[in-house]
Amino acid sequence: MTPTDSPLPASLSALQDRLRDLRAQGQILLQNGDRGFGTAPSNIALIKYWGKHSDQQPQNSNLSLNLGSFRATTEVVVRGRFYPQGSAPALHSNTVLFAGMTEPAPADRKLDRWISRVFADWASEIRMHVRSENNFPSACGVASSAAGYAALAAAVADLLQLERHFSATELQTWLTEWARLGSGSAARSAIPGAAEFVAWERDDVDGSFAHPVPASPGFELGHCLLVLDTSPKSVSSSEGHEAARHSPFFAVRAAGMERRFRAMCAAVAAGDFSTVATLAEEDAFAIHAIMQTSEPASRHLDSRNSQIIARFVAGRDQARVPAFWTLDAGPNVHILFLREALPFVRDFLARECAGGGASVLWGGKGPGALPGSRARAVVHTDLPDDRAFRMGEPA
Ligand code: PMV
């Protein structure tokens, strides 16, 4: 631990104690060059969190849809020596190789901190080389840090062969807790299996955790992103969370959040599209009201996307089709819909892209976080009708 680290949350400390025991029993062996592999999807929050406590703990419960076909894949390689009592000093530094880089570079402070906390005092002498890539562009409004930290957690789970030592439930807890140390939204992406809707739930009594939200059978949302601007954010997500509490609307939104979160979970479970859509659109406006009035402000809801949203809502209401919009911490417009709305969505996007300066990324199905060989076997499938629309090629 560095002097600035806060202690690990109790639930995570208990899990780490078990790793320490396994290592002492010789059941976890780490050698220089050992590898782990993992993959995880990005997600889009329908009830968002904005503002966080220490350790990336979101201040309000939140719920997202996993974007199964927007994935990060990550490999970790152990650099170090393994002494039985973990007392030897580290020989190496953490390094990264991300897509587009030709040479490994030192890990940034956030990743360094993540690795030192995960390996804590039970394997503190080892370091990691992290190689990661996304199959979607960064800075486009699809949360790459959520996918990235969740895939990293899955890769470490593979390295440590956690599936051999822990039950599926325990593995889920490991993955979400570890991922959350990197980013609150990553906890949702770390849910293994086929979960589409995932909640991160604030629980002041027993700790906080991410878990799948059961959806009504057949309640499947299609997803696409209208990409308008891929410039880097002027206010980072970390600064934005901190700045949020200066907004006069922060406390107003917070007061109703648990009720709205429960209503969203119930609507997903009941397959009540109209309530899901209404709550999601209201929450997008609410969070952007906070962003616009934070200090410093993040102004992602601008005249261009406001007009697009207005045209979308007018067309959708006139056509009476099940589709809604949301924005994340960026200007690009997410559209979610039931299959019967696909022709409307396709026509709408074709019109919006016709003048140039906009493109479309289509989401598709894919599994949650996966460690190991199952991660290598991931096959992405698209909604069948969508192929002509991928990557900004409206028909
Ligand atoms: O997890 P972070 O620190 O990247 O913050 C995520 C915040 C939002 O994307 C705006 C909302 C959310 O809940 O995903």
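## Buried residues, ligand shell and cavity

Asparagine 305 counts as buried because its relative accessibility is 0% (buried means under 20% relative accessible area, exposed over 50%, partly exposed in between, with a 1.4 Å probe and protein chains only). The model is predicted: local features need pLDDT of at least 70, side-chain atom pairs count only at pLDDT 80 or more, and totals for chains, interfaces and linings use all residues. Residues are numbered from 1 along each chain as its sequence is written, and side-chain values use heavy atoms, with hydrogens and water left out.

Asparagine 305 belongs to helix α10, residues 303–319 (helices are DSSP runs of H or I with at least four residues, strands are runs of E with at least two, and both are numbered from the N terminus). A polar atom of the asparagine 305 side chain lies 2.7 Å from the backbone oxygen of histidine 300.

Valine 77 sits in strand β2, residues 62–79. With 4% relative accessibility, valine 77 counts as buried. Valine 156 is 79 residues apart from valine 77 along the chain, and their C-alpha atoms are separated by 9.3 Å.

The ligand is surrounded by 13 residues, the closest being Tyr49, Ser183, Ser185, Arg188 and Asp328 (a residue is near a molecule if one of its heavy atoms lies within 4 Å of it). This shell has three nonpolar, six polar and four charged residues (Ala, Val, Leu, Ile, Met, Phe, Trp, Tyr, Cys and Pro count as nonpolar, Asp, Glu, Lys and Arg as charged, and the others, Gly among them, as polar). Helices α6 (184–189) and α7 (237–243) each supply at least two shell residues, and α6 gives the largest share, three residues.

| Residue | Protein atom | Distance to a ligand oxygen atom |
|---|---|---|
| Glycine 184 | backbone N or O | 3.4 Å |
| Serine 185 | polar side-chain atom | 2.7 Å |
| Histidine 241 | polar side-chain atom | 2.9 Å |

Taken alone, the ligand exposes 380 Å², and the protein buries 93% of that (Shrake-Rupley areas with a 1.4 Å probe).

The structure holds one cavity of 30 Å³ or more (a set of points on a 1 Å grid over the protein atoms alone where a 1.4 Å probe fits but cannot get out; lining residues have an atom within 4 Å of a point). The volume of the largest cavity is about 30 Å³, taken as the space filled by probe spheres set on the points. Its lining includes Trp50, Lys233, Ser298 and His300, and divides into three nonpolar, five polar and one charged residue.

Technical notes
On a 1 Å grid over the protein atoms alone, a cavity is a set of points where a 1.4 Å probe fits but cannot get out, and a pocket is an open set with protein on both sides within 12 Å along at least five of seven lines; lining residues have an atom within 4 Å of a point. A polar contact is a pair of N or O atoms within 3.5 Å; within protein, one must be able to donate a hydrogen and the other to accept it, and residues adjacent in sequence count only if both atoms are side-chain atoms.
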